[in-house]
Amino acid sequence: MVKGVTRRVVVVRAPDEGAPFEQAVFFLRDERMQKKDVLREACAVAETYLYTMPRRARHMRRSVWQLGAAFACGAASTGIVWLLLAVIF
C-alpha cells in the first residue's frame, strides 16, 4: 500500500462454492454515497459477471477445438513440406 493514501473498498464474496471467483474487490471513488447504494451496485456488478460466465466457458471450449484443428493442420503441412523436400533432394 502507498503510504499516506487511503482507499474505500467493498469486498463481495461469492454466493456459492461453484462461482468462478472467490471474492470481488471494488475500489470506490471519493464521492460520498450511501452504504446501501454502494453495496447494491457492487452486488449487481458481481451477479452480472456470474451470469455471463457460462457463455464465456462455452466459447473457451470452441477455441480449444480450434486450437487442436490448427495444430493438426500445421503438423500435416509441415509433414507435406518435409516429404516434398525429401523427394526433391
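Modeller: Some ground rules come before the questions. This is a predicted model, where local features need pLDDT of at least 70 and side-chain atom pairs count only at pLDDT 80 or more, while totals for chains, interfaces and linings use all residues. Residues are numbered from 1 along each chain as its sequence is written, and side-chain values use heavy atoms, with hydrogens and water left out.

Biologist: Happy with that! What makes up the chain, and in which order do the elements run?

Modeller: The chain has one helix and two strands, in the order β-β-α from the N terminus. Helices (H or I, at least four residues) and strands (E, at least two) are DSSP runs, numbered from the N terminus. Strand 1 covers 8-13, strand 2 covers 23-28 and helix 1 covers 35-88.

Biologist: Why is Ala42 called buried?

Modeller: Buried means under 20% relative accessible area, exposed over 50%, and partly exposed in between (1.4 Å probe, protein chains only). Ala42 has a relative accessible area of 5%, so this residue is buried. Ala42 sits in helix 1, and its C-alpha atom is 7.1 Å from that of Phe26, 16 residues away along the chain. Buried residues make up 11% of the 89 residues in the chain.

Biologist: What makes the nonpolar surface patch?

Modeller: Ile80, Val81, Leu84, Leu85, Ile88 and Phe89 make a patch of about 680 Å². Patch residues have over 30% relative accessible area and no salt bridge; like charges are joined within 9 Å, and nonpolar side chains (Val, Leu, Ile, Met, Phe, Trp, Tyr) within 5 Å. Ile88, in helix 1, has 60% relative accessibility, so this residue passes the area cut-off and counts as exposed.

Biologist: Last one: which residues are closest to the centre of the largest pocket?

Modeller: The largest pocket has a volume of about 230 Å³. Of its 12 lining residues, the closest to the centre are Phe27, Leu28, Arg29, Met33 and Val38. A pocket is an open set of points on a 1 Å grid where a 1.4 Å probe fits, with protein on both sides within 12 Å along at least five of seven lines; lining residues have an atom within 4 Å of a point. Helix 1 gives the most to this lining, with four residues.

Technical notes:
Points joined across faces, edges and corners; volume = space filled by probe spheres on them. Areas by Shrake-Rupley, 256 points an atom, 1.4 Å probe, with all protein chains shown as cover. Salt bridge = Lys/Arg side-chain N within 4 Å of Asp/Glu carboxyl O.
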